[in-house]
Amino acid sequence: MGRILLLPDEVASQVAAGEVVERPASVVKELVENSIDADANRIEVAIARGGASLMRIVDNGIGMDRDDALLCLERHATSKIRTGADLAKIRTLGFRGEALPSIASVSRFRLSTRAPGALEGTEVLVNGGKIDSVKSSGEAPGTQIEVRSLFYNLPARRKFLRSENTEASHVQHQLNLQAIGHPQVGFVFVRDQNLVFHAPPATTLADRIRDLRGVEFLEQLLEVSPESLSGIMVSGFIGRAGISRSTRAEQILFVNGRPVENITLQHGLREGYHTALMKGQFPVTFLFLEMDPEAVDVNVHPAKREVRFREPDDVKEAVAGAVRKTLERDRKRWSHAFQKPAQTGGLPEFGSGNPIIDTAPALIPPTEQFSLRRDWSGFNPAYPSSEPSAGNSAIERLSFGRQSIDTAGGPSPDDSVPAFTSPSDGSQADLRKASAENSAPRSGSALDFRILGVLGKLYVLMENADGLVVVDQHAAHERILFERLRKQMESAGVPIQRLLIPLTVSVAPKDYDWILMNAPTLEKMGFALEPFGDSTLKVDGIPPFFPTDDPGSAIRKLVDELRSITTMTSRLRMGEDAIAKTVCRHAIKANDDLRLPEIENLIRDLLRCDLPYCCPHGRPTMIQVGFGELEKKFGRKV
Ligand SMILES: Nc1ncnc2c1ncn2[C@@H]1O[C@H](COP(=O)(O)OP(=O)(O)OP(=O)(O)O)[C@@H](O)[C@H]1O
Ligand SMILES: [Mg+2]
């Protein structure tokens, strides 16, 4: 007799179940997807003990008659495809005819279903894959499935289940995905008899996100204007620049209504966010792609989690483009908040007894009138402040706001208010002169904001039309340097500042090779390096913005950091951008004690950047605290 035997059906189902049913969350996923395919618009899910002891899914969909109720438990029984050709154009979530028999083979299973209009329904009880009983039932139209004692007949599998909390949170994540993917369907989730969430049928995705996650979360997102590129329609919401997570848990992507994981989509997102995303962080997205079902193969993963695209480059470009445009739109919105209003008027004074928040968003005197912008071309060491500042304390800085109004409004400034000085000679007369010179609007510079002061030597507090803006001056400076560096690299390259006495810097042999390999890029960035033998480099030029007090150790630190990036990404993929970001990090930073004109220049330069609201590593450079938010916090508005 031969050694090969056909497995009994029961065992074959258990083997198939091994792939489809990994944990309670996979059961919930399959059953909810079936309910959605059955056109349900209300789905209730209840679990007990993380789902291991019970999962009940109740829907109000099309139900099944008695024959189908029995047939659906057979392997490869499906109503969703008929021929092999159908596999190439799947529009439903399920198509394999495997989920129900797999689940029923590893649990105590009860199916009760009734088609709308049918006089009675059918109840089928299955135990470890064997049908125990079939009878009529009188439940409401729709389908109810109960899965008890998951893996009771596969003890090895049951041992792999994690704590109840962990399993329950996976279930909840699955439900969240489905609820986001299908806003028109109402969802109820009950865990151990406690209601976890109730999301009523929603008309828009925004409503659904708000119902599930709250309004503050929604406010951190930007809506992607639906747009079609190469037949791929992209829509949904993405996190603002600077909003990110350390895992992919909130990087949610749907392709034709199916939540998927896919490397092409991930690359598209990364490319779209570009410098707006910190290294090692993942964006928050609720992105929907709709495309011809023939352009995507969904039959590549047993749990249908992954997909393969026929034209991955088109998909990547569609995603990257949608993200890029959305972030760019947000940038415009930001800069709009810094535009001069059409009309200007008086700004309520501090302590005038006239609370700012009672008025409409403050009308701000044109800041151009006190602008003291110095020419800051090329890589000038960052906003230096070598002369002693006239006012150093926070109070003095705060009073500048009034000073600016006085200057703008005409009457001579109050003598008790220390004046901020111009960098040229520091006199108040000079301040006024410079103000007059600068009062003519510069083209493209109709920016409007008012600096209130500096908090903790780091955060610039300022006011714009929308309320308070807090700027991280270091992050802001990094962004400015980065964009300038990149632009200069793209054109002529950064000018090299020659050292009077060339330096020799010894580095680790591995770093040495890497540096020599990347010498052309480093040269474009202003570093003149030559091999000097024996893992030693001769440095006779550095970029003008690079620290000059101890360039040797600064270069060693820079190389260290570049190396740590290269070990994470492939050496070949190490792009100019990555080098530029690292170089920026080692550049001279804004002096802690910036004076007002310098701060003002910094802000102006920041606002002119392509992506002003986050540093090249993706951290925010500025945070807006709107008047509405302040009013809420002070209990003036609920
Ligand atoms: N909640 C439901 N309401 C109505 N019909 C259902 C429901 N669940 C399952 N069915 C029917 O049972 C069939 C088998 O379901 P099953 O989940 O096993 O396979 P499938 O959904 O076709 O494919 P897949 O294995 O990819 O999920 C479905 O094709 C569908 O016709
Ligand atoms: Mg199914």
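Begin by selecting Asn176, Ala179 and Ile180 in α6, which meet Leu205, Arg208, Ile209 and Leu212 in α7, where contact means heavy atoms within 4.5 Å. The residues of this contact divide into five nonpolar, one polar and one charged. This is a predicted model, in which local features need pLDDT of at least 70 and side-chain atom pairs pLDDT 80 or more, while totals for chains, interfaces and linings use all residues. Residues are numbered from 1 along each chain as written, chains are lettered from A and ligands numbered from 1 in the order written, and side-chain values use heavy atoms, without hydrogens or water.

Next, show the whole of α6 (residues 164–181) and α7 (residues 205–213), whose axes lie 9 Å apart at an angle of about 155°. The two helices are therefore roughly antiparallel to each other, a term for angles over 145 degrees.

Now select ligand 1, which is surrounded by 22 residues, the closest being Thr78, Ser79, Lys80, Glu98 and Lys304; a residue counts here if one of its heavy atoms lies within 4 Å. By class, this shell has eight nonpolar, eight polar and six charged residues.

Finally, look for polar contacts (pairs of N or O atoms within 3.5 Å). A polar backbone atom of glycine 97 is 2.9 Å from an oxygen atom of ligand 1, and a backbone N or O atom of alanine 99 lies 3.0 Å from an oxygen atom of ligand 1.

Key
Polar contact = N/O pair within 3.5 Å; in protein donor to acceptor, adjacent residues only side chain to side chain. Nonpolar A, V, L, I, M, F, W, Y, C, P; charged D, E, K, R; others polar. Axes fitted to C-alpha atoms, helices over the stretch in contact; angles between N-to-C directions. Helix = DSSP H or I, 4+ residues; strand = E, 2+ residues; numbered from the N terminus. Parallel < 35°, antiparallel > 145°, perpendicular 65-115°, else oblique.
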